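Hi,

Here is the structure I promised to send over. Have a look at it first, and my notes on what turned up follow below.

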Amino acid sequence: MPLLTPAVRASLPVAFGYVPLGIAFGILFQDLGYPWYFASLMGLLVYAGAAQFMAVGLLAAQAGILEIAVSTLILNSRHLFFGLSVLSRYRTRGLKKAYLIFGLTDETYSLITSTSAPEPDRQIDYYLAITALNQSYWVLGCTLGALAGAAMTIDTRGMDFALTALFLVLVLEQWNRLQEIFPFVAAALCGVLALSLFKDQMLLTAISLSIILFLGRYHLRADHHE
Amino acid sequence: MSDPLYLSAVILAMTGATFLTRLLPFLLFRNRAEHPLLNYLGRYLPAAIMTILVLYSLQGVDLFVPPFGARELVGALVTLALHRWRANPLLSIFGGTACYMAMIQTGTLA
């Protein structure tokens with residue numbers, strides 16, 4: 001399978017973020033007193049990092065199902081914008097498409113919009129490989145943490161910087177692709193503004209604000225072209 | 001206290017809610033993938049979201065308490081410099097992360 005090698009290469013940095021984060025989730029989850037395999041099950045079915053961390057607190061407080069569902073919806077509402085910008089990339093149907101959509105996390109979105117298959121006609125298979133590999137790292141981390149978290153002696157402190165480094169590299173690659181300063185400056189301003197105003201909903205606020213800026217810019221340009 | 005039935009219901013509800021947030025744009029814009037506005041967003045949004053994710057992943061850093069984010073800055077600069085030099089994502093990411101982990105674990109710049 002010549003596709004797997006580039007997909008593993010592209011997704012390996014995500015492994016270095018997802019495995020330690022998954023372990024951290026597993027360790028927290030194990031304190032709730034449920035069997036370890038429920039942590040794996042959450043990684044497999046829910047597959048949303050921030051929501052799973054939030055759920056540990058809500059589960060401990062025996063929160064209502066509806067409350068948990070609504071909190072998950074709000075926390076994950078940024079995903080709406082991810083789908084918006086990969087609509088034309090996911091040109092497939094059925095189960096393949098369903099799985100691609102199901103697995104569209106922050107990191108998967110980042111890789112899908114920044115890297116591509118070695119052969120253009122196998123793009124969808126490449127996306128599927130990236131999505132499945134990323135999820136396997138996450139499930140592995142959740143499982144390890146719940147099973148062996150307390151007994152682990154590897155010092156993983158600082159390892160989650162791999163995700164920051166991944167996003168930085170992808171910013172640089174996006175810069176090489178676009179060669180336009182506007183989206184980066186606009187997003188950075190929105191990000192800083194969101195961090196200082198609505199830290200709890202930073203991602204959603206920052207992404208919404210930058211979409212508003214993009215819409216404004218789009219309409220200004222459209223006017224000029226008339 | 002730990003009721004597997006309750007947990008199973010929570011997992012199902014969270015699975016549905018998460019999938020819904022990812023599925024909705026595909027349902028809403030089913031036949032509009034070629035709309036110029038969506039093309040425009042598809043072109044610029046990844047750059048914006050990536051920039052925001054960098055800031056998001058660093059939101060735990062306190063700039064007003066020593067070491068004032070110096071480790072994150074060094075880690076980021078190492079990552080970017082390696083990437084400018086070799087343009088090999090794995091090298092840049094591992095180099096920056098290894099450097100950051102070494103600083104955290106040995107208490108450098110504390």
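A quick definition before the notes: a nonpolar core here is a set of buried Ala, Val, Leu, Ile, Met, Phe, Trp, Tyr and Cys residues joined through side-chain atoms within 4.5 Å. Also keep in mind that this is a predicted model.

**The core**

The largest nonpolar core has 95 residues, and those with the most contacts inside it are Phe25(A), Phe29(A), Tyr90(A), Tyr126(A) and Met14(B). Its largest share, 13 residues, comes from helix 2 (residues 36-57) of chain B.

**Where the chains meet**

On the A side, 95 residues are in contact with 68 residues of chain B. The area buried between the two chains is about 7,500 Å², and carbon and sulfur atoms give 76% of that. Leu87(A), Phe161(A) and Tyr218(A) supply 9% of the area that chain A buries against chain B, more than any other three residues.

As for polar links, 15 residue pairs are in polar contact across the interface of chain A and chain B. Helix 9 (residues 161-178) of chain A gives the largest share of the side of chain A that touches chain B, 16 residues. That side of chain A divides into 62 nonpolar, 21 polar and 12 charged residues.

**The salt bridges around Glu180(A)**

Over all chains the count is 6 salt bridges, with 1 between chain A and chain B. Which residues make the one between the chains? Glu180(A) and Arg43(B), with their closest N and O atoms 3.7 Å apart. The pair runs from helix 2 of chain B to the loop between helix 9 and helix 10 of chain A.

Glu180(A) also forms a salt bridge with Arg217(A), at 3.2 Å between the closest N and O atoms. Arg217(A) sits in helix 11 (residues 202-225) of chain A, 37 residues apart from Glu180(A). A further salt bridge joins Glu180(A) to Arg221(A), at 3.9 Å. Arg221(A) lies in helix 11 as well, so this pair ties together parts that are 41 residues apart in sequence.

Are these residues buried or exposed? Glu180(A) is buried, with a relative accessible area of 19%, and Arg217(A) is buried too. Arg221(A) is partly exposed at 33%, and so is Arg43(B) at 37%. Through shared partners, the salt bridges join Glu180(A), Arg217(A), Arg221(A) and Arg43(B) into one network.

Cheers

Terms used
Residues are numbered from 1 along each chain as its sequence is written. Chains are lettered from A and ligands numbered from 1 in the order in which they are written. This is a predicted model: local features need pLDDT of at least 70, side-chain atom pairs count only at pLDDT 80 or more; totals for chains, interfaces and linings use all residues. Side-chain values use heavy atoms; hydrogens and water are left out. Buried means under 20% relative accessible area, exposed over 50%, partly exposed in between (1.4 Å probe, protein chains only). Helices (H or I, at least four residues) and strands (E, at least two) are DSSP runs, numbered from the N terminus. Contact means heavy atoms within 4.5 Å. Buried area is the accessible area (1.4 Å probe) that two parts lose on being put together, summed over both. A salt bridge is a side-chain nitrogen of Lys or Arg within 4 Å of a carboxyl oxygen of Asp or Glu. A polar contact is a pair of N or O atoms within 3.5 Å; within protein, one must be able to donate a hydrogen and the other to accept it, and residues adjacent in sequence count only if both atoms are side-chain atoms. Ala, Val, Leu, Ile, Met, Phe, Trp, Tyr, Cys and Pro count as nonpolar, Asp, Glu, Lys and Arg as charged, and the others, Gly among them, as polar.
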